[in-house]
Amino acid sequence: MSDLACDVLIIGAGPAGLAAARAAAQSGQSVLVLDDNLHPGGQIWRDGPNVALPTLAQQYRQALGALNNVTLLNGVKIIAQCGPQKMLYEDETGSGVVDYQALILCCGARELLLPFPGWTLPGVTGAGGLQAQIKQGLSIKGERVAIAGSGPLLLAVAASVVKAGGEVVILAEQAPAAQLAAFAAGLWRWPVKLRQSFSLFNRHYRPDSYVLEALGGQRLTAIRMQTGAREVTLDCDRLACGFGLVANIELAMLLGCAIEDNAVAVNPHQQTSQPQVYAAGECTGIGGSELALAEGAIAGYAATGNLMQAQALTAQRDKWRRFATAVARTFALNPELKTLATPETLLCRCEDVPLYLLSGSADWTAAKLSSRCGMGACQGKICATAARHLFDWPLPVPRIPLTPARLATLARLERSQSDG
């Protein structure tokens, strides 16, 4: 791969990244978008064989495709910063360095997966993980699927399961019924979300419910549930379990951006504490696609000096930030979820590290020094996030490379640091 140069570099091609690119392109400056998925759209607009993309997603893709000053590269991983306003990246064929003037981080979020006995059984996945598999062509026709955890994503996953021919046996939401009722009563403030809630209604929805244990030998066969004051056992073929989303902030931290409430801190123009770095979407706080689109557009305009158009979108952004605040308040996690795992329950699935090996550690660094936790394929993205929630540890400091890379790419990083 060859080295590249651009005026505006955007990391991530989800709704925030696409909106940022569209807005930044109006300045006439050159815009480069790098994304690790094979198609633009991020997780919420993920493309695949079993996907009918929303009209809005198609419109954004078509709009960017018609702009000759926007370049989109898919299947690209960010490895490290390799100099002032330089980013090292890698794809399936090689690596390259991007030289940029302004950077917009639209890195999205990932699922929070919390351990419980049996969570590593085949057939148990993240809620969003199952939805992504269905979109990529996984057949679940006739299968009994349990969906559990917290947040509006569970309803969307249930709809995907039903559409794919699966049977939802329970949709377990850990949030209390009273909080859910108060949230539903306030949805009139966001009519599009009110209409969406009617379309996603599922008769198997149960508040005050969470998984205690996944059961089975070679594969999941049933789950033991707490639902209200009762404990029940349900037969199922799959369990999709996710406890909300966690902002992807590792790159921002590496760049020295300030972090607040486990998200990238930004000013009214979506500018971070680093002058040439902006951020938008879920990496600045979990808020959904509507908020991501507004923030992305503001970041794109502000990064290219178009502050008047950025200012025009602030009311729209603030409206969806209020919705995000209501969601966060409603679906706050029950402390009881921290107690589900036994000492023998695996925390790090990649390296088979049980919980008891970490329980005496002061932080993530100490845990890695005393075990192989975080040294597997996910590089701690699952287990470090879970441990942080379970033990209330501080954010671990990211290290380069941000993701596993080829030796040739690492050698290039070493040369660039030596030259610097």
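Helices here are DSSP runs of H or I with at least four residues, strands are runs of E with at least two, and both are numbered from the N terminus. With that in hand, select Ser199, which sits in helix H6 (residues 191-199).

Before going on, note that this is a predicted model, where local features need pLDDT of at least 70, side-chain atom pairs count only at pLDDT 80 or more, and totals for chains, interfaces and linings use all residues. Residues are numbered from 1 along each chain as its sequence is written, and side-chain values use heavy atoms, leaving out hydrogens and water.

**Stop one: Ser199**

Is Ser199 buried or exposed? Ser199 counts as exposed because its relative accessibility is 58%; the cut-offs are under 20% relative accessible area for buried, over 50% for exposed and partly exposed in between, using a 1.4 Å probe and protein chains only. A polar atom of the Ser199 side chain lies 2.7 Å from the backbone oxygen of Gln196.

**Stop two: Thr385**

Next, select Thr385 in helix H12 (residues 383-391). Thr385 is buried, as its relative accessible area is 5%. Show the side chain of Arg110 too, and you will find a polar contact of 3.0 Å between Arg110 and Thr385. (A polar contact is a pair of N or O atoms within 3.5 Å; within protein, one must be able to donate a hydrogen and the other to accept it, and residues adjacent in sequence count only if both atoms are side-chain atoms.) Leaving aside neighbours within four places in sequence, Thr385 is in contact, meaning heavy atoms within 4.5 Å, with Arg110, Leu112, Val246 and Gly380.

**Stop three: aromatic rings**

Rings of Phe, Tyr and Trp (its six-membered ring) pair if their centres lie within 6.5 Å; planes under 30 degrees apart count as stacked, over 60 as edge-to-face and the rest as tilted. How many aromatic pairs are there by this rule? The count is six. Pick Trp45 and Tyr60: their ring centres are 6.0 Å apart and their planes are at 40°, so this pair is tilted. The pair links distant parts of the chain, 15 residues apart, with Trp45 in the loop between strand S2 (31-34) and helix H2 (55-65), and Tyr60 in helix H2. Trp45 is buried at 6% relative accessibility, and Tyr60 is buried at 13%.

Move on to Trp320 and Phe323, an edge-to-face pair with 5.8 Å from centre to centre and 85° between the planes. These two are three residues apart in helix H10 (residues 314-330), which means about one helical turn separates Trp320 from Phe323. Both Trp320 and Phe323 are buried.

**Stop four: charges over rings**

A charge sits over a ring if NZ of Lys or CZ of Arg is within 6 Å of the ring centre and within 35 degrees of the ring normal. Go back to Tyr60 and show Arg22, which lies over the face of Tyr60 at 4.9 Å from the ring centre. Then select Arg349, which lies over the face of Trp119 at 4.6 Å from the ring centre.
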